[in-house]
There are 2 protein chains.
Amino acid sequence: MITPFEFNNDDTLILLDQRRLPWEEKYVACRTAEGVARAIREMVVRGAPAIGIAAALGLYLGVKDYQGEEEGFFRLLEEKKKLLSTTRPTAVNLFWALNRMERVALDSPLPVKKIKERLRVEALKIWEEDVEANKRIGLTGASLFSRACRVLTHCNAGALATGGYGTALGVIRALHERGMVEMVLVDETRPLLQGSRLTAWELCQEGIPHILITDNMAGHFMARGMVDAVIVGADRIASNGDVANKIGTFSLAVLAHRHRIPFYVAAPLSTLDLDLSSGEEIPIEERCEDEVTTLAGKRLCPKETQAFNPAFDVTPGELVTAIVTEKGVAQSPYPTSLKNLVEKRS
Amino acid sequence: MITPFEFNNDDTLILLDQRRLPWEEKYVACRTAEGVARAIREMVVRGAPAIGIAAALGLYLGVKDYQGEEEGFFRLLEEKKKLLSTTRPTAVNLFWALNRMERVALDSPLPVKKIKERLRVEALKIWEEDVEANKRIGLTGASLFSRACRVLTHCNAGALATGGYGTALGVIRALHERGMVEMVLVDETRPLLQGSRLTAWELCQEGIPHILITDNMAGHFMARGMVDAVIVGADRIASNGDVANKIGTFSLAVLAHRHRIPFYVAAPLSTLDLDLSSGEEIPIEERCEDEVTTLAGKRLCPKETQAFNPAFDVTPGELVTAIVTEKGVAQSPYPTSLKNLVEKRS
């Protein structure tokens, strides 16, 4: 199984460097919270669920060598949590995972040594649960399809973006296992090309038929009747079903709506942020303009030209046909359907 | 004034090599129809009006050294016309210009030497008229705006795509001359980056404020209220107002429609193809997949991954707020408004 990282018995987090795919499979070893924070910020590891897991492991790495009293331990925990939570602002899984880790520490009236052990176990549990959630998302998402189909996906919501298996690509994997994938249209996903670099790489590994397109071609192929469904992941979902995801997702949803093509979002419940009433409240990360103006070391525009680089956009819930989670499918009206899913016994 | 080419007294067509912009200003000299055909095919020169003018000059170059009888001359003319007309299929200006040249030759009961002279004059007239048309389009288009605005444009419909001045960028130039351009949002326009390479270069030359975005960001900025109008060029316009233009144009029109943002197409009447009842009849060029899978000599995806590469898409007339031509503005219903424009005395 493809995974974005491994975690060794000697407490080293080995990250597959996703900036270098598909050209080379290089690994970055992290032994500290600082190392993990840097890797998240620089997108060695990316994808909402994956950065949640990496941050949880990073938080453990940040406190595991502490030897003093309880008070100092919690100060350190708070400090490392803050460090890790300021790496990227949009994906809520990061904060969700760090809060879950913190809660475990606070809920344990135990010696520091035992708390550290519990944090290690919890981080690995977050990872394990994510893989399990993805597999359920895959099965549930696949059951929405009744025949072989051509699906379009954006960015990478695959094994590399999660603990393994993937959300949107998890559904595609499950469909492929049933022989129901006719073709995956892969948006290249400018500026960082997670589609052409990562999604295409995963699909090659699995032998799933796919074809690469530039982001601006999606509408053309929808108009030509060549897309049966769009399926994407999510970085944060507000209580009304508004979805923050990689820049370009919103345009796809508008185009799918015009062509009456189902638009599915696949995400674990850790991506939900029911504290937010709408997507307007989701902070959108602005990244360095060099990502737009430069590619493979080559400047693409005149040196005087500046660029915008919002990394995400918000798709209104009204354009989302269904949100597929590990506890089932939510549909409009989302304020109730999402709440019900969260409260449902698994 | 920026122009995509010069034509010397010694009958050499000097083309600014648009593949190398903005990195270097290199020129390609063409002295034969074959050379011009290659330059059009390889996109040394591109843009619907510009390739029409280049083809007209290329046709003259293809026959200018002929010394025999009239019958052989017309055979040669036909042969060179065929060569030039098979370079690119979508932009109708190419066929329009070649047909106009042929008509001039056929309508002249003159010695071959005189016909050749008339062809030279006609090709230069096509060029001159195009620049004149662009300036009128600029003025007419600018008059549609009542206050300073932020406009979004796609690909390059500028001086480089025409005889000079530009269609969509002609309108933006005219607006800028009136101090009415707050900001131009420039779609980078994958795969060949005519936006980041050519449009940004032209806007830099003129000192027009602009900002580069990836194609998939346009919807996000529309949703944020940062786009007052979209203005693009065209490669072919059917009688019902359907517009073939650079891939990605259709998506912009759908997004503009959702956000009630005016979507303007600026094009000379030579871009109209009233023989076609709808855009479905417009042939869409499929270009080499390398343009999508490779950039600046670097492969962007796994070597097994294949790509689609349609160079154009079709925007239905219903999504076009107005078509701005040198004879005025056409609006829905296009079948009558476009016909009226063509028949109008200039």
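Reader: What makes the pair Arg258(B) and Glu318(A) a salt bridge?

Author: In this predicted model, the closest N and O atoms of Arg258(B) and Glu318(A) are 3.0 Å apart; a salt bridge is a side-chain nitrogen of Lys or Arg within 4 Å of a carboxyl oxygen of Asp or Glu, so the pair qualifies. The rule finds 4 salt bridges across the interface of chain A and chain B.

Reader: On what basis are such values computed and labelled?

Author: Because the model is predicted, local features need pLDDT of at least 70 and side-chain atom pairs count only at pLDDT 80 or more, whereas totals for chains, interfaces and linings use all residues. Residues are numbered from 1 along each chain as its sequence is written, chains are lettered from A and ligands numbered from 1 in the order in which they are written, and side-chain values use heavy atoms, with hydrogens and water left out.

Reader: How do you know which other polar pairs join chain A and chain B, and how many are there?

Author: A polar contact is a pair of N or O atoms within 3.5 Å, where within protein one must be able to donate a hydrogen and the other to accept it, and residues adjacent in sequence count only if both atoms are side-chain atoms. By that rule, 18 residue pairs, both members at pLDDT 80 or more, are in polar contact across the interface of chain A and chain B. On the side of chain A that touches chain B there are 31 nonpolar, 15 polar and 11 charged residues, where Ala, Val, Leu, Ile, Met, Phe, Trp, Tyr, Cys and Pro count as nonpolar, Asp, Glu, Lys and Arg as charged, and the others, Gly among them, as polar.

Reader: What is the extent of the interface of chain A and chain B, in residues and in area?

Author: Contact means heavy atoms within 4.5 Å, and 57 residues of chain A are in contact with 57 residues of chain B. The buried area, which is the accessible area (1.4 Å probe) that two parts lose on being put together, summed over both, is about 4,500 Å², and carbon and sulfur atoms give 70% of it. Asn216(A), Arg258(A) and Phe308(A) lose the most area in chain A to chain B, together 16% of what that side buries.

Reader: Why are β14(A) and β6 of chain B called paired strands?

Author: Strands (E, at least two residues) are DSSP runs, numbered from the N terminus, and two of them pair if DSSP finds at least two bridges between them. β14(A) and β6 (residues 210-213) of chain B have 2 bridges, in the parallel sense, and therefore meet the definition. Ala307(A) stands opposite Leu212(B) in β6(B).

Reader: What makes β17 of chain A and β14 of chain B edge strands?

Author: The open sheet of 8 strands, with mixed pairing, has the order β17(A)-β16(A)-β10(A)-β7(A)-β4(A)-β5(A)-β6(A)-β14(B). β17 (328-330) of chain A and β14 (306-307) of chain B each have a single partner strand, so one side of each is left without a neighbour in the sheet. Within this sheet, β10 (residues 263-266) and β16 (residues 322-325) of chain A run parallel and are joined by 3 bridges.

Reader: How do you know that domain 1 and domain 2 of chain A are joined by a salt bridge?

Author: An automatic or database domain assignment sets the bounds, giving domain 1 (5-134) and domain 2 (141-345) of chain A. Across their interface the rule finds 1 salt bridge. Glu285(A) forms a salt bridge with Arg88(A), with the closest N and O atoms 2.8 Å apart.

Note on methods: Helices (H or I, at least four residues) and strands (E, at least two) are DSSP runs, numbered from the N terminus.
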